[in-house]
Amino acid sequence: MSQPAKEILLNAFNMNCVGHIHHGMWTHPQDRSTEFNQLDYWTELARLLERGLFDGLFIADILGVYDVYQQNIALTASESIQLPVNDPLLLVSAMAAATQHLGFGITANLSYEAPYPFARRLSTLDHLTQGRIGWNIVTGYLDSAARAMGLTEQVSHDRRYDQADEFLDVAYQLWEGSWEDDAVLADRQRRVYADAGKIHKVIHRGEFYQVEGYHLSSPSPQRTPLLFQAGSSARGIRFAARHAECSFVNGATPAAMKAQVDKLRAAAVAAGRRRQDLKVFMGLGVIVAPTAAEAQDKYREYLRYASPEAGIAHFSSSTGIDLARFGLDEPIQAGPTQAIESVSQTYRGWTRRQLLEQHAMGGRYPLVVGDPQQVADALLQWVDQADIDGFNLTRIVNPGSYRDFIDLVVPELQSRGRYKTAYRPGSLRQKLFRQQDRLPASHPAASWRLPSPLSA
């Protein structure tokens, strides 16, 4: 019996800054990204995305600055290449109040966080959003962040993942194992808000963390937030296989992406989970108009505002290689770095001219240009041939890129039965996986879970 066609999942991919992926587009007269530090910019965007039935707003973040290209921040500052960048967590409450269903995937670098207060922050957001919060787990890749945090250099790539494994183990104990489900009584007559006998101290003595304390938040709708992760190195895949529910992966072609997705899902099975426990998203830019000719005209117009050089300045920090020191046609060669390992390996041997061409729209993400039918065809080709589940849709002109997609592409996908026509009830996890609010028993966090009073 054939499986029903997969329904596409969609996140808007954004950042609490001016220039995110498509650098230079902030100069377009219709772009509003310079208003990023105004609250109505975000609440209006959230309402727009909910109108388009987006599953979530995925907000990237970095600590540190892009100072590898030309060994300074001159271009970073002038083109606002993720500088300034504000905290993403502080946006969520306002956007949640403006919406009912939209999820929020918030990036936080655990290398510079302590698990005890961090667990409380995400539990707080899970309460306030009624279970619509997700965490994009990153370990960082910028030497500038390490120096700003008092280190002489970054911790090595694989060692950062070792620390991340232990961080997650501590967080799981706090989220899943500190409070029993029925610990909160809120009994006014007996003057008992919570039963102390059902609140348990977490005691963790590890290599990276020493924790002894009670989780400060009572159980939130999801307890553990929906877990996102992006990383395609061997160590990153091993981490994703154990922890991630949603993985953010990129590939140049559906065939290359399929190989990556197969590797991820096989690793999840090897870790004792199921293939379907992992939803895979890819980053994608879309330029759409009512006709193909109009879409091409819009693309040519956008090219006038984009900054390829800003794109490769961003890329320099992703690889840890100063691309400015190579001639236009000189193959890029460099020794090992502690930046994004999978990116460094993929592009080694390219020339700066090739990278500038690839970054014509200010970033290296795949780009689909066309009318609604052509865009829908391209998206479904990626989903069906690469076995991905959805897309992190980049902003090109904000919010116009999202509005165009919602008005033109969403109805086309819905007419083909490949995109929802209404939100399902429940938490972000329940919406994406059509299961209960909490992590399944196959996830390692479940090993810390206390018995439910209903199953006792």
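Guide: Start with one cut-off: a residue counts as buried when its relative accessible area is under 20%. The model here is predicted. Let us take helix α7 as the case.

Visitor: Which residues of α7 are buried?

Guide: Arg235, Gly236, Ile237, Phe239, Ala240, Ala241 and His243. That is seven of the 10 residues of α7, which spans residues 234-243. The helix is therefore largely enclosed by the rest of the structure.

Visitor: Let us step back to the whole chain. How many helices and strands does the chain have?

Guide: The secondary structure comes to 15 helices and 13 strands. The radius of gyration is 22 Å, close to the 23 Å that the globule rule gives for 456 residues, so the chain is as compact as a globular protein of that length. Along the principal axes, the C-alpha atoms fill a box of roughly 70 × 55 × 50 Å.

Visitor: What percentage of the residues in the chain is buried?

Guide: Buried residues make up 54% of the 456. Look at contacts next, where sequence separation is the thing to read. Among contacts with a separation of 6 or more, 76% link residues 24 or more positions apart.

Visitor: Now single residues. Where is Thr224 found?

Guide: Thr224 is in the loop between β8 (210-213) and β9. Thr224 has 0% relative accessibility, so it counts as buried.

Visitor: Which residues does Thr224 touch?

Guide: Leave out residues up to four places away in sequence, and the list is Tyr172, Trp175, Glu176, Arg429 and Leu439. With Glu176 there is also a polar contact: the two side chains meet at 2.8 Å.

Visitor: Take a tryptophan. Is Trp42 buried or exposed?

Guide: Trp42 is buried, with a relative accessible area of 0%. This residue belongs to helix α1, residues 39-51. Beyond the neighbours within four places in sequence, Trp42 is in contact with Asn14, Met15, Asn16, Phe36, Leu57, Leu91 and Met95.

Visitor: Which backbone oxygen does the side chain of Trp42 reach?

Guide: That of Phe36, at 2.6 Å. For a sense of scale, pair Trp42 with Arg449. The two are 407 residues apart along the chain, and their C-alpha atoms are separated by 36 Å.

Visitor: Compare another tryptophan. Where is Trp350 found?

Guide: Trp350 is in the loop between α11 (341-347) and α12 (352-358). Its relative accessible area is 28%, so Trp350 is partly exposed. With residues up to four places away left out, Trp350 touches Glu330, Pro331, Ile332, Leu355 and Gln358.

Visitor: Now the backbone. Which residue does a cis peptide bond join to Leu83?

Guide: Read omega for this. Leu83 is joined to Pro84, and omega is about 0°. Pro84 is in the loop between α2 (74-78) and α3 (92-97). A cis peptide bond also joins Asn398 and Pro399, with omega at about 5°. Pro399 lies in the loop between β13 (390-394) and α14 (400-415).

Visitor: Then phi. What is the phi of Asp387?

Guide: Look for positive values in residues other than glycine. Asp387 is such a case, with phi near 60°. Asp387 is in the loop between α13 (372-386) and β13. Arg434 is also not a glycine, and its phi is positive at about 55°.

Visitor: Where does Arg434 lie?

Guide: In the segment after α15 (428-433). The exposed class starts over 50% relative accessible area. Arg434 has 57%, so this residue is exposed.

How values were computed. Residues are numbered from 1 along each chain as its sequence is written. This is a predicted model: local features need pLDDT of at least 70, side-chain atom pairs count only at pLDDT 80 or more; totals for chains, interfaces and linings use all residues. Side-chain values use heavy atoms; hydrogens and water are left out. Buried means under 20% relative accessible area, exposed over 50%, partly exposed in between (1.4 Å probe, protein chains only). Helices (H or I, at least four residues) and strands (E, at least two) are DSSP runs, numbered from the N terminus. The radius of gyration is taken over C-alpha atoms; the globule rule is 2.2 Å times the number of residues to the power 0.38. Contact means heavy atoms within 4.5 Å. A polar contact is a pair of N or O atoms within 3.5 Å; within protein, one must be able to donate a hydrogen and the other to accept it, and residues adjacent in sequence count only if both atoms are side-chain atoms.
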